[in-house]
Amino acid sequence: MPDNAKYWLDAINALTISTPFRIMNVCGGHERAISQSGIRTLLPKNIELIPGPGCPVCICPEEDIYQAIQLALHEDIILLAFGDMLRVPVNTTKKEPRSLEQARAAGADIRPIASPLDAIRIANENSDKTVIFFAAGFETTMAPVAAMLVEGIPKNLSLLLSGRLTWPAVDMLLASGEACFDALIAPGHVAATMGAEEWHFVIDKYQLPVAVAGFEATSLLAAFYSVIRQQQEQKLFLDNCYSAVVKPQGNKTAQQYLSQAFDVVDSNWRGVGSIAGSGYQLKTVFKQHDARLQFKDYENNKRKRIGEMPPGCDCAKVVLGKIYPNQCRLYGQACTPRQPIGPCMVSDEGACRIWFKYRTDRPNEDHQAETVTSA
Amino acid sequence: MTETKDITWAHISLAHGNGGRYMRELIETIFSRYLSNPVLNTQADAASLPDMEGNIMISTDGFTVQPLEFPGGDIGSLSIHGTLNDLAVAGAIPKYMTVNVFIEEGLEVSQLERIVQSMASAAKENNIAIVAGDTKVVPKGQGSGLYLATTGIGIKSGQHTLNIKNINIGDRIVVSGPVGDHGTAIMLAREEFGMHGALQSDAASVLPLTQAVDSIAGLKFMRDPTRGGLATVMHEIQQASGLGVYLYEEQIPIRDEVQTVCDMLGYDPLYLACEGRVVAVVDDNNAEALLACWQQLPQGQEAAIIGKINQGNQVVLRTTLGGERLLDELEDDPLPRIC
Ligand code: SF4
């Protein structure tokens with residue numbers, strides 16, 4: 001593979017692409033790399049790059065975040081969460097804290113962390129207290145969490161687990177018949193952990209081209225070229241454009257940890273609903289570390305808009321690639337990174353946030369409105 | 001010079017701030033010893049400044065860098081360079097400075113001495129006299145070793161009226177050297193990330209750079225990109241002018257070491273502080289002349305024209321690949337206490 005982005009860019013621009021061709025990515029890292037290098041401004045008009053379900057924070061159930069907030073407010077615990085999670089708003093009354101950040105301001109002991117190692121350290125430093133790690137993430141993030149359980153987790157550390165698998169969401173989307181894409185770019189980090197093979201279903205079940213990409217412009221452009229050519233020649237194969245990192249079968253050790261620590265169960269995705277076999281749950285042997293079992297469920301069934309996205313927020317459509325972020329009416333108006341309304345504007349992996357940060361055509365300027373071409 | 005006494009204490013204690021004998025000794029053995037000059041009189045309450053004619057300019061700044069000493073500088077030299085650079089980019093020649101010193105109880109005297117010495121040589125090299133000062137000691141735990149605040153007074157030189165409002169469509173943006181060195185050097189010096197490196201901060205006086213272009217026609221504006229880095233200065237220009245800033249990624253000088261460290265830690269060098277660089281905006285006709293002026297100086301060899309002013313109303317980066325994207329305004333401080 002020529003290791004030069006310009007080469008692939010020229011190769012793509014040399015192709016004749018007569019009808020719109022929609023390529024979906026399912027990884028916030030991909031979307032960021034695309035936006036950061038300005039790739040969208042360089043491709044032929046008929047190529048659409050659509051951000052899909054690639055942000056674990058965005059699809060983390062609203063009920064889980066609510067539960068985390070309540071635990072931190074009402075129990076004598078230290079709550080740890082990945083930094084991105086802190087500002088995601090939930091649907092409460094105006095008087096109650098609406099995010100972990102607001103709960104912290106109200107006095108709860110909530111600490112942002114960057115890795116499960118921080119959780120172990122904080123638990124050890126506070127051995128007289130119960131520490132709860134609100135662990136949300138996809139396979140790659142869940143593997144070290146699983147390893148922590150299997151290898152011996154501190155006694156006082158529990159998990160509020162909100163782990164998800166990526167491919168079932170894509171499968172669900174394609175099976176629904178509402179998918180708005182003609183080819184898929186499979187996530188490089190997930191494939192490195194779980195093996196690229198698990199994306200073969202896109203070809204087998206749905207006859208769509210697929211390529212695994214890394215996070216450099218070169219790898220992404222090579223993957224775009226691959227899926228366009230696969231489609232044009234009608235020769236579909238699972239192309240690995242990130243072979244330096246993604247090895248056949250993936251990372252066996254990580255997979256072993258995952259299967260030792262977790263069961264795979266049907267799980268809820270915020271704004272999307274339940275997706276079969278898309279979530280992780282602690283195995284019963286680890287039940288003494290399962291915060292969902294240890295603590296009472298604070299969910300109040302009368303709470304308004306449980307599980308929903310905030311009013312007016314189109315994150316559910318953005319997450320499934322049905323619209324582009326700037327097609328949401330609130331984008332850049334009521335909703336900005338400083339005053340985010342939906343989770344997609346909060347997380348660094350969220351498509352709205354990434355677009356707002358890097359896109360040159362913000363609202364109020366005369367730019368052509370883009371819409372995801374419907375099938 | 002005051003007669004030098006032996007220092008008989010190893011650490012600063014609260015007594016050094018109490019106005020009594022200890023404080024007098026601290027001032028005599030360290031501050032007067034290194035900073036003395038004909039105008040500074042530690043016995044008087046105020047100094048009178050000779051030779052102040054013309055357009056007098058003043059600037060003030062505080063310094064809280066951690067660690068106090070880092071490759072390529074320390075908080076002492078930084079406190080001189082920082083304030084003098086603010087005067088320099090405004091087109092002034094700095095003459096006098098005052099210094100406020102806030103010492104945390106427990107600071108090693110030997111370290112304080114090194115820092116004051118470095119302050120003294122930075123002032124001397126730039127013909128600046130320290131004319132007034134004050135020392136306070138704060139209890140342990142209420143400071144990070146040492147804070148400094150300096151105020152500088154200078155006289156405007158040259159004919160230019162530098163004003164961000166004079167910037168126009170078609171003007172060029174020039175930077176005097178690689179960006180992000182200081183921020184990255186500080187990051188490495190903290191060794192928090194398990195990384196080490198030989199990278200030096202760019203902390204220095206920019207007076208030679210600003211004086212060299214003093215007579216260039218068409219010079220509109222200069223600024224030293226400290227906190228928030230190059231990107232932040234670009235946003236200041238965008239907001240004050242109401243025009244667009246368009247930068248060429250491949251033209252912006254960045255050292256390989258800086259880029260590597262930033263890639264590993266997820267920082268963008270365009271947002272990291274410089275302490276010895278200048279960004280200038282100059283009209284198109286004089287951009288090459290200004291560039292040539294800088295490139296002749298040892299400090300300006302890597303100077304480059306990195307962008308232009310256009311009619312947009314955003315800060316846009318043309319990426320190495322040729323695509324375009326926004327260069328966003330900094331939201332959170334990427335690094336605490338770097339200047
Ligand atoms: S712009 Fe804001 S409100 Fe709209 S979909 Fe994105 S996050 Fe939700």
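This is a predicted model: local features need pLDDT of at least 70, side-chain atom pairs count only at pLDDT 80 or more; totals for chains, interfaces and linings use all residues.
Residues are numbered from 1 along each chain as its sequence is written, chains are lettered from A and ligands numbered from 1 in the order in which they are written, and side-chain values use heavy atoms, with hydrogens and water left out.

Let's begin with the ligand. Around it you'll find Cys313(A), Asp314(A), Cys315(A), Cys328(A), Leu330(A), Tyr331(A), Cys335(A), Gly342(A), Cys344(A), Met345(A) and Cys352(A), where being near a molecule takes a heavy atom within 4 Å of it. This shell splits into nine nonpolar residues, one polar and one charged; Ala, Val, Leu, Ile, Met, Phe, Trp, Tyr, Cys and Pro count as nonpolar, Asp, Glu, Lys and Arg as charged, and the others, Gly among them, as polar.

Next, helix α2(A), residues 28–36, where seven of the nine residues are buried (buried means under 20% relative accessible area, exposed over 50%, and partly exposed in between, with a 1.4 Å probe and protein chains only). Helices here are DSSP runs of H or I with at least four residues, strands are runs of E with at least two, and both are numbered from the N terminus. The buried set in α2(A) is Gly28(A), Gly29(A), His30(A), Glu31(A), Ala33(A), Ile34(A) and Ser35(A). Just past the helix, Gly38(A) has a positive phi of about 70 degrees.

Further along chain A, helix α4(A), residues 62–74, holds Leu73(A). Leu73(A) is partly exposed, at 31% relative accessible area. Leaving out residues up to four places away in sequence, Leu73(A) touches Pro97(A), Ala103(A), Ala106(A) and Ala108(A), contact meaning heavy atoms within 4.5 Å. Pro97(A) is 24 residues from Leu73(A) along the chain, with 9.3 Å between their C-alpha atoms.

Over in chain B, why is helix α4(B), residues 181–190, largely enclosed by the rest of the structure? Because nine of its 10 residues are buried. Among them are Asp181(B), His182(B), Met187(B) and Arg190(B). The cover over the buried residues of α4(B) includes β2, α2 and α7 of chain B. Glu191(B) follows α4(B) with a positive phi, near 55 degrees.

Strand β10(B), residues 279–282, sends Val279(B) and Val281(B) one way and Ala280(B) and Val282(B) the other, and all are buried. β10(B) pairs with β7(B), residues 172–175, in the antiparallel sense over four bridges; strands pair if DSSP finds at least two bridges between them. β8(B), residues 219–223, also runs antiparallel to β10(B), joined by four bridges. Val279(B) stands opposite Val175(B) and is the bridge partner of Arg223(B).

Most residues other than glycine have a negative phi, and most peptide bonds are trans. In the loop between β9 and α12 of chain A, Gln249(A) has a positive phi of about 70 degrees; Gln249(A) is partly exposed, at 43%. Arg305(A) has a positive phi of about 60 degrees, lies in the loop between α13 and α14 of chain A, and is partly exposed at 34%. In chain B, a cis peptide bond joins Gln66(B) and Pro67(B), with omega about -5 degrees, and Pro67(B) is in the loop between β1 and β2.
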